[in-house]
Amino acid sequence: MSTDKPRATVSQVVPGSVADRAGIRGGDQVLGVDGQVVHDVIDWRWLTYDDQIELSIAHADGSEELVLLERDLDEEWGIEFSDVLFDGTMLCRNRCTFCFMRMVPKGSRKTLVERDDDFRLSFTQGNFVTFTNLEQEHVDRIIEQHLSPLRFSLHASDPQLREQIIGPRAQHGLDVAEQLLEAGIELHAQIVLMPHVNDGDAL
């Protein structure tokens, strides 16, 4: 994930929409909603639920302004973004023994070799994640916004076996999963089954 301030780049604006009438154009960037940083499209939907919002906009020409938007009941804002994540992708830092990404030939396109482990992509696109890189602020956000269901790479529940398969942060991922389950977040688990490793009694 990038340490730069998140910038939500507008890919296009629906003609005649609220955003269009307010002068927002493709190439503009949303820096904030009602003074709050927008990290991704989930935040965008969460923060723009009301029928009146104030956007901090950086225009393509370099100028910045605050834009007040108001909409009628059930009217869309009319803004589409170039990506679902505005602050970069949370990457995997595990050492999984079975990692498929490590088997992809060198020189393959980036989307095939980028080892993402981002809970937001789990919610929006169905990616499986380990939760090993989540800080408490991420867990709190998942619970507050009720990002459910999430897809969880489990592989094993025995602590020593998990560490052997995934790496030193394996237990953290399991602790986070327990916290989310207690908060009512639904988890869909996957197991990469390896003969004589996590089958048999471990399974």
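User: Which residues of helix 7 are buried?

Analyst: In this predicted model, the buried residues of helix 7 are Ala170, Gly173, Leu174, Val176, Ala177 and Leu180. Each has a relative accessible area under 20%, the cut-off for the word "buried".

User: What makes these residues line one face of the helix?

Analyst: Viewed down the axis of helix 7, the buried residues fall within an arc of 160°, so they line one face.

User: Against what do the buried residues of helix 7 pack?

Analyst: They pack against helix 5 (136-144), strand 7 (150-153), helix 6 (159-166) and strand 8 (187-190).

User: How does the reach of helix 7 compare with the expected value?

Analyst: Helix 7 covers residues 170-182, which is 13 residues. From its first C-alpha to its last the helix reaches 19 Å, close to the 18 Å expected at 1.5 Å a residue. Just after helix 7, Gly184 has a positive phi of about 95°.

User: Why is Leu55 called buried?

Analyst: The relative accessibility of Leu55 is 0%. The cut-off is under 20%, so Leu55 counts as buried. Leu55 belongs to strand 3 (residues 52-58). Leaving aside neighbours within four places in sequence, Leu55 is in contact with several residues, including Ile24, Val30, Trp44, Leu66 and Ile79.

User: Strand 3 also holds Ile53. Why does Ile53 count as buried?

Analyst: Ile53 has a relative accessible area of 0%, and the cut-off is under 20%, so the word "buried" applies. Among the residues in contact with Ile53, beyond neighbours within four places in sequence, are Val33, Leu47, Leu69 and Trp77. Ile53 and Leu69 are 16 residues apart in sequence, while their C-alpha atoms are 5.4 Å apart in space.

User: What makes Trp44 and Phe81 an aromatic pair, and of which kind is the pair?

Analyst: The ring centres of Trp44 and Phe81 are 5.1 Å apart, and rings pair when their centres lie within 6.5 Å. The planes stand at 75°, and an angle over 60 degrees counts as edge-to-face. The pair is therefore edge-to-face. Trp44 lies in helix 2 (residues 41-47) and Phe81 in strand 5 (residues 79-81), so the pair ties together parts that are 37 residues apart in sequence.

User: Why is the pair of Phe81 and Phe86 called tilted?

Analyst: The angle between the planes of Phe81 and Phe86 is 50°. Stacked requires under 30 degrees and edge-to-face over 60, so this pair is tilted. The centres are 5.0 Å apart. Ring pairs link Trp44, Phe81 and Phe86 into a cluster. Phe81, at 15% relative accessibility, counts as buried, and so does Phe86, at 9%.

User: Which residues have the most contacts inside the largest nonpolar core?

Analyst: This core has 21 residues, and those with the most contacts inside it are Ile24, Val30, Trp44, Leu55 and Phe81. Strand 1 (8-13), helix 1 (18-21), strand 2 (29-33), helix 2, strand 3, strand 4 (64-70) and strand 5 each supply at least two of its residues. Apart from this core lies another, of 17 residues, among them Phe119, Phe131, Leu150 and Leu174.

User: How many helices and strands does the protein chain have, and what share of its residues is buried?

Analyst: The chain has seven helices and eight strands. Of its 203 residues, 40% count as buried. Among contacts with a separation of 6 or more, 62% come from residues 24 or more positions apart.

Conventions. Residues numbered from 1 in each chain as written. Predicted model: local features only at pLDDT ≥ 70, side-chain atom pairs only at ≥ 80, totals over all residues. Heavy atoms only, no water. Helix = DSSP H or I, 4+ residues; strand = E, 2+ residues; numbered from the N terminus. Buried < 20%, exposed > 50% of the residue type's maximum accessible area, 1.4 Å probe, protein only. Contact = heavy atoms within 4.5 Å. Phe/Tyr/Trp six-rings, centres within 6.5 Å; stacked < 30°, edge-to-face > 60°. Expected span 1.5 Å × (residues − 1). Arc of directions from axis to C-beta. Core = buried A, V, L, I, M, F, W, Y, C linked by side-chain atoms within 4.5 Å.
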